[in-house]
Amino acid sequence: MSISNPSGSTAPVAATPGPGAFAPVRHSWVEDVVATLVGTYLAALGVALLDAGGAVTGGTAGLSLLLVYAAGLPFWLLFLLVNLPFLALGTWRRGWAFGTRTLVAIGLVGGGAEVHAGLLDLAPVPPLYGALTGSLLAGVGMLILFRHNGSMGGFNTLALIVQDTWGVRAGYVQLGCDVAIILAALTVAPPAIVAASALGAALLNLVLIMNHRPGRYLGS
């Protein structure tokens with residue numbers, strides 16, 4: 001409907017948000033702490049399932065799993081070492097708060113994956129189940145961390161920086177990195193497991209692409 005504006009024109013006038021319109025509300029530190037614990041718990045469980053199925057995923061978690069299969073070193077140690085350069089980059093570009101939360105998340109995911117595996121005494125699980133369920137849990141965990149100005153480090157941090165700088169969705173950036181990781185898995189895993197891993201990585205990134213768009217989420 002057109003209405004007259006003060007100049008006499010009948011051009012449409014954009015509606016002004018009413019007093020009930022929502023404004024961005026920052027998360028409290030309690031919400032950030034709880035979100036970090038929940039997000040890393042889910043992500044660590046996802047990594048444990050991926051490992052039990054002999055599958056990999058994208059990002060530094062997938063790269064660390066590849067190194068576990070190739071070198072036999074503990075996941076938590078490799079996950080920490082692989083993430084250190086990206087942790088420094090994230091702290092430089094997004095601040096000490098982001099860096100601190102990311103460092104805590106790295107420690108909780110690396111250690112949590114070992115704890116989950118030990119407590120559950122996981123027997124080998126079907127690769128497709130492990131890849132899909134593990135990747136879905138890891139994706140939801142990452143999403144929770146993203147929403148609270150944190151990440152699991154590594155390519156998550158790189159994806160967020162690219163999104164902040166050029167507006168490319170973090171999920172797309174993550175997907176590009178994950179393709180390289182999945183292809184590298186062909187050197188240590190059978191093609192069937194790599195195919196299952198690829199489906200899992202696609203599911204993980206679908207969670208991020210659909211739920212973490214710039215401008216959609218108002219909290220910070």
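Asp32 is buried, with a relative accessible area of 10%, where buried means under 20%, exposed over 50% and partly exposed in between (1.4 Å probe, protein chains only). The structure is a predicted model, in which local features need pLDDT of at least 70 and side-chain atom pairs count only at pLDDT 80 or more, while totals for chains, interfaces and linings use all residues. Residues are numbered from 1 along each chain as its sequence is written, and side-chain values use heavy atoms, with hydrogens and water left out.

The structure holds one salt bridge, defined as a side-chain nitrogen of Lys or Arg within 4 Å of a carboxyl oxygen of Asp or Glu. Arg101 is partly exposed, at a relative accessible area of 25%.

A nonpolar surface patch of about 720 Å² is made by Trp29, Val30, Val33, Val34, Leu37, Val38, Val104 and Leu108; patches consist of residues with over 30% relative accessible area and no salt bridge, nonpolar side chains (Val, Leu, Ile, Met, Phe, Trp, Tyr) being joined within 5 Å and like charges within 9 Å, with areas from the Shrake-Rupley method and a 1.4 Å probe, only the protein chains shown counting as cover for residues. Helix 1 (29-52) and helix 4 (96-120) each supply at least two residues of the patch, and its largest share, six residues, comes from helix 1. Leu37, found in helix 1, is partly exposed at 49%.

Terms used
Helices (H or I, at least four residues) and strands (E, at least two) are DSSP runs, numbered from the N terminus.
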